[in-house]
Amino acid sequence: MIKQFNMRALYGAYLFFLFLAACEKPVEEKIIDLQRGVPEAEGVPSSSIQAFLESADTSKHEFHSFMFLRHGKVIAESWWSPYGPELPHTMYSTSKSFTSTAIGFAVTEKLLTVNDSVISFFPEYVTDSVSDFMAALTVKDLLTMSVGQDPDPSATIPGDSLWVKSFLYTPIINKPGTKFLYNSMATYMLSAIVTKVTGQKVIDYLKPRLFDPLHIQGIDWETDLVGNNTGGWGLRLKTEDMAKFGQLLLQKGKWNGEQILSEEWIAEATSFKIQQSPELPAETKAKSDWLQGYCYQFWRCRNNAFRGDGAFGQYIIVMPDQDAVIAITSETSDMQGILNMVWDQLLPAMSDDELPVDAAAVASLERKVASLALTIPSASLASTLEGAISEKVFELDSNGRNIESIQFQFGATGSNVVMKYKDTSYAIPIGWGEWKFSQTQRPGPYLVARAKNALKGLPPFKVAAAYSWTEENVLELTLRYIESPHTETIICTFEGEDVMLDFKWSFAPTMKAPVIEGELVEAQ
């Protein structure tokens with residue numbers, strides 16, 4: 001027993017100091033209130049976690065972070081460089097679960113009920129033309145994605161200026177509460193309702209109730225044009241913050257001995273409410289984590305789990321039967337595939353009993369975690385063009401990206417790409433054989449980029465950038481926006497004094513965007 005205790009202490013101390021070393025803030029400013037533990041002490045072999053990480057590396061999914069909690073302790077945490085523990089990450093629809101939680105607080109404080117009609121909160125938009133179905137729509141219908149609108153208006157309303165009004169005048173085809181259809185604007189309406197009854201944006205309302213007790217700091221959340229948080233997307237927080245939220249749900253609303261949110265609400269919010277596709281056969285449902293039922297902005301999973309999830313693989317997976325929480329950030333086109341990895345590899349590895357510590361396996365896992373990194377663009381090929389185009393400005397033809405010119409600056413002390421728009425220029429450092437880290441106000445790839453006010457008001461975006469020559473006349477720029485799931489690749493092909501730019505977004509690799517052409521206009 002003494003030997004086992006010492007190994008636990010040693011491993012816990014190692015993880016603690018490893019975490020602190022990775023953070024930019026001074027130690028005294030970093031609050032850590034999730035305990036660290038040894039996998040075997042919590043019934044999980046270190047070798048199984050390592051096997052999962054190795055599978056992640058060889059899979060078609062691009063993992064950015066992973067955190068595994070068992071019995072309330074972090075038994076594994078990893079980031080794939082250039083992602084790191086200090087970075088928030090775009091949550092996409094995982095934001096919805098936080099908006100639902102804001103509704104839960106408001107219900108607990110008797111500011112509203114889930115049976116209240118939606119139009120009762122917005123009398124300024126109610127006229128005789130409001131349909132009977134819209135008049136019958138309740139907060140619960142918003143929570144369960146059973147509004148009855150068809151098609152989902154989320155692709156069109158964010159382009160308007162007054163989202164609440166646009167939603168209320170979007171026709172409802174099916175009786176509210178009877179048919180599931182995923183609807184991000186329903187979540188936006190929940191956010192607007194919270195603001196109506198509290199006078200605060202969701203992020204501000206949640207701060208003293210959720211974020212402060214859990215010591216969740218440095219977060220932000222997009223807003224619409226009138227100041228409501230977008231609700232269904234737009235929240236950015238760290239992987240450990242995701243894990244804390246999942247652990248709070250697992251503990252039925254209790255944190256450090258205090259009941260933060262009522263146990264009754266969490267049970268209500270995370271239990272089955274509506275079947276997504278009741279007409280499908282049982283064998284089809286059994287294979288899908290999107291057909292286990294929907295809750296209040298949470299999804300039921302197989303294996304009696306539930307989750308918050310966001311586009312491209314942002315997960316908070318809560319597993320009550322195993323007393324476990326798993327947080328993952330990633331970019332994938334196959335979100336079911338990541339969940340399958342969890343069920344196939346991590347779920348069977350969880351034992352009810354403490355396991356003997358395997359020092360060799362613990363050390364091997366440590367080495368694996370330390371080695372995790374996404375591939376840096378190759379520096380194996382140089383080009384004689386580098387000197388010839390350095391400092392030159394290429395004026396671009398009129399294009400949908402509104403870029404007027406591009407300039408490449410190569411030097412022994414550092415290189416940059418400079419993109420000029422009508423009102424400003426963005427200079428982004430680029431490394432050769434290494435990532436160069438910087439901040440920029442230039443927005444990167446984003447799924448909700450067409451929404452009015454998209455990404456406005458957020459701090460500068462952190463970028464890890466590198467370049468490579470894939471051919472003598474082909475320069476490839478890789479811009480990783482490391483607080484999001486996405487990467488932008490710009491392929492620059494030079495022909496004499498002309499350049500052609502081909503922009504690729506990682507989440508739409510087959511998208512055919514028009515190539516932008518340009519020509520040399522001057523030397524600086």
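Y294 is a buried residue, with a relative accessible area of 0% (buried means under 20% relative accessible area, exposed over 50% and partly exposed in between, with a 1.4 Å probe and protein chains only). The structure here is a predicted model, in which local features need pLDDT of at least 70 and side-chain atom pairs count only at pLDDT 80 or more, while totals for chains, interfaces and linings use all residues. Residues are numbered from 1 along each chain as its sequence is written, and side-chain values use heavy atoms, with hydrogens and water left out.

Back to the aromatic rings. The structure holds 27 aromatic pairs (rings of Phe, Tyr and Trp, the last by its six-membered ring, pair if their centres lie within 6.5 Å; planes under 30 degrees apart count as stacked, over 60 as edge-to-face and the rest as tilted). Y294 and W299 make one of these pairs, an edge-to-face one, at 4.9 Å centre to centre and with 85 degrees between the planes. W299 is buried too, at a relative accessible area of 6%. F408 and F494 have ring centres 5.5 Å apart and planes at 75 degrees, so this pair is edge-to-face. It ties together distant parts of the chain, with F408 in strand β14 (residues 405-409) and F494 in strand β20, 86 residues apart (helices, H or I of at least four residues, and strands, E of at least two, are DSSP runs numbered from the N terminus). F408 is buried, with a relative accessible area of 0%, and F494 counts as buried at 4%. Elsewhere, ring pairs join F52, F63, F66, F68 and W80 into a cluster.

Strand β20 (residues 487-495) also holds E488. Is E488 buried or exposed? At 2% relative accessibility, E488 counts as buried. Its side chain meets that of W505 in a polar contact of 3.4 Å (a pair of N or O atoms within 3.5 Å; within protein, one must be able to donate a hydrogen and the other to accept it, and residues adjacent in sequence count only if both atoms are side-chain atoms). Leaving out residues up to four places away in sequence, E488 touches R401, R442, P445, L477, T478, L479, Y481, F503, K504 and W505 (contact means heavy atoms within 4.5 Å). With neighbours within four places in sequence set aside, D502 is in contact with T489, I490, I491, A513 and V515.

W505 turns up again at the largest pocket, where 46 residues form the lining and Y446, V448, A449, R450 and W505 lie nearest the centre. The elements giving two or more residues to this lining are β10 (306-310) and β21 (498-505). The volume of the largest pocket is about 1400 Å³. For these searches, on a 1 Å grid over the protein atoms alone, a cavity is a set of points where a 1.4 Å probe fits but cannot get out, and a pocket is an open set with protein on both sides within 12 Å along at least five of seven lines; lining residues have an atom within 4 Å of a point. Grid points are joined across faces, edges and corners, and a volume is the space filled by probe spheres set on the points. By class, the pocket lining has 27 nonpolar, 11 polar and 8 charged residues (Ala, Val, Leu, Ile, Met, Phe, Trp, Tyr, Cys and Pro count as nonpolar, Asp, Glu, Lys and Arg as charged, and the others, Gly among them, as polar).

The largest cavity has a volume of about 120 Å³, and its lining has 6 nonpolar, 3 polar and 3 charged residues. Among the lining residues are P445, Y446, L455 and Y481. L455 is found in the loop between β17 (436-440) and β18 (461-471), and has a positive phi, near 65 degrees, in a residue other than glycine. At 15% relative accessibility, L455 counts as buried.

M145 also has a positive phi, of about 55 degrees, although it is not a glycine. M145 lies in the loop between α5 and α6 and is buried, with a relative accessible area of 0%. That loop includes P151, and the peptide bond from D150 to P151 is cis, with omega near 10 degrees. Another cis peptide bond joins S81 and P82, with omega about 15 degrees; P82 is found in the loop between β3 (73-79) and β4 (89-90).
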